[in-house]
Amino acid sequence: MNKKYSKIILGTTMLAVVAIVPFSNVLAAEVAPAKTAETVEAKTEAVVTAADVTTEAEFKAALANSAITTINLKGDIEVTEKINISNKPNLTINGNNKTMKMTMQDNTKWESTKAYVLQAYKSVVTIQNIKLTGANAGLLVNGSTVTLDGKIDVSGNGFGGIELSQGKDVTEQVVLNTNNATIENTTETFAVPTLWLDKAGEDVKVEYQGFNGSNSNEKKDVNNQKYSQTRYYIIADNAIMPVEDQIKNLIDADTKATIIMPTNGEISVALLKKLKTGTAREMVLKFGDIFMSFNTKNIDPNPTKPLSISVEASKDLKVSDALKAVAKADANPIFLNLKYEGELPKGAAISFSVKDQYAKDKEVYLYYFNEKTDKAELISNDVKIDKDEMANITVENAGTYFLAGKELVAEVPDKKVPVTPNEKAPNVKNPNTSDFSAVIISTLAIIGAGGIAFISKKSRKQN
């Protein structure tokens, strides 16, 4: 072979080898990191973020583990002391419809170490489908944001279900969001609310539409300083102090007393007697926006049964079809239904709002609906609407009444329903018996005279 061509071939071969070797190194470099990563991944253990618990100790251990963000209850748990959820930025407790119960001898007596089943302290927590019971309260939200989901049962706690507050040196806002929860509390009473804000004025936000009643009451702190506490109730009537307690608090007062009445409130025989023999005063029973007032001196001196009263008034009140037919002649009837058991004090007056129906100073008609005859009976034709757009009426019989802006019947019938004391019945003069006898005698005399004249005339014709 020609040496010249041999050199060319050799040189070309060497260039090819040089070119192939770096390319192989590049491929090796691309493949090697992938293999190394696979090896490292195989050796790395997954971080555990959820814990299943069945005991108090396991629950506390899960809270102590900073990696745990979800705690799942796998059984009912008895706890011996308050469990603190402290400084957790994002914790979820799945109750799985299990119960956490505090072991206490008497949960109606305050015991700080057992006061709450759970306390959320400066944390962000979601609690789902759980029952918290047996303590002074089921849950304390202290400087935290807590979201409740699913069924949350806080029955069986001595002071109430859930407390919201900012504890000592806590500045974080308290937020409770329960819009996606159904809260249950079968032991809710006036004294044991489902939710309460420890002190009015604290930075507290409640997002829930399920509370139907609330009230505020005065408390005193350890330094004997007064503060206001706001309570929320699932059942509206539970927000009202029992009637017996209200009356006992006012029994010795010399001023006008207002009693807020629940739907089925009653005044016992003993208290009726005490009110009767005590200082005579004006007493007002408040039924929502309806007021019944009477003087305690008009109470029956010898009541035999408790006084139970129910009264409601509205243009939308559910009434019988017969009453609707009678009242439809008026464009704006307002119905009132009064029920009571016991002896209603004489002269009891009822006031209720007629706003948007009748203007102030207007005179309207009050009717009683007789269910036996299906007819309206006029009680008063000059019920005046006062400056507060309230109608003021006096009735003493239970039954259904209505206001109308015009006259629907001509006169007051003879009935047992009394006319109001300041209302005079239309002047219907009853005939006097002696006058009636005189009329009869005069009539007979005229008839007799006519008969005699007729006979005399006939005799003359015959002669």
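On a 1 Å grid over the protein atoms alone, a pocket is an open set of points with protein on both sides within 12 Å along at least five of seven lines, a cavity is a set of points where a 1.4 Å probe fits but cannot get out, and lining residues have an atom within 4 Å of a point. The structure described here is a predicted model, in which local features need pLDDT of at least 70 and side-chain atom pairs count only at pLDDT 80 or more, while totals for chains, interfaces and linings use all residues. Residues are numbered from 1 along each chain as its sequence is written, and side-chain values use heavy atoms, with hydrogens and water left out.

**Confidence**

- The chain has a mean pLDDT (the predictor's confidence in each residue, from 0 to 100) of 80, and 75% of its residues reach 70 or more.
- Over residues 2–35 the pLDDT is below 50, and this stretch has two contacts (heavy atoms within 4.5 Å) in the model beyond near neighbours in sequence.
- Residues 410–463 also have pLDDT under 50, and for them the model has 24 contacts beyond four places in sequence.
- Where pLDDT is low, the predicted coordinates should not be read in detail.

**Pocket and cavity**

- The second largest pocket has a volume of about 220 Å³, a volume being the space filled by probe spheres set on the grid points, which are joined across faces, edges and corners.
- Its lining consists of 13 residues, of which M261, P262, T263, F287 and G288 lie nearest the centre of the pocket.
- The elements that give two or more residues to this lining are β18 and β20 (strands are DSSP runs of E with at least two residues and helices are runs of H or I with at least four, numbered from the N terminus), and β20 contributes the largest share, three residues.
- The structure holds one cavity of 30 Å³ or more; the largest cavity contains about 40 Å³ of space and is lined by L272, I299, D300, P303, L307, E343 and P345.

**Helix α4**

- In helix α4 (residues 269–277), the buried residues (under 20% relative accessible area, with exposed meaning over 50% and partly exposed in between, for a 1.4 Å probe and protein chains only) are L271, L272 and L275.
- Seen down the axis of α4, these buried residues fall within an arc of 105° (taken from the directions from the helix axis to the C-beta atoms), so they line one face of the helix.
- On the other side of α4, A270 and T277 are exposed, whereas the cover over its buried residues includes α3 (243–250), β17 (266–267), β18 (282–287) and β20 (307–314).

**Strand pairing**

- Four bridges join the antiparallel strands β23 (residues 363–370) and β26 (residues 399–404), and L366 stands opposite L403 in β26.
- Strand β7 (residues 124–133) runs parallel to β5 (residues 91–102), to which eight bridges join it, and T99 stands opposite K131 in β7.
- Seven bridges join β7 to the parallel strand β9 (residues 145–153), with V125 opposite V146 in β9.

**Residue T69**

- T69 lies in the loop between α2 (56–64) and β2 (70–73) and, at 32% relative accessibility, counts as partly exposed.
- Leaving aside neighbours within four places in sequence, T69 is in contact with T49, N90, L91 and T92.
- T69 and K88 are 19 residues apart in sequence and 8.5 Å apart in space, C-alpha to C-alpha.

Note on methods:
Two strands pair if DSSP finds at least two bridges between them.
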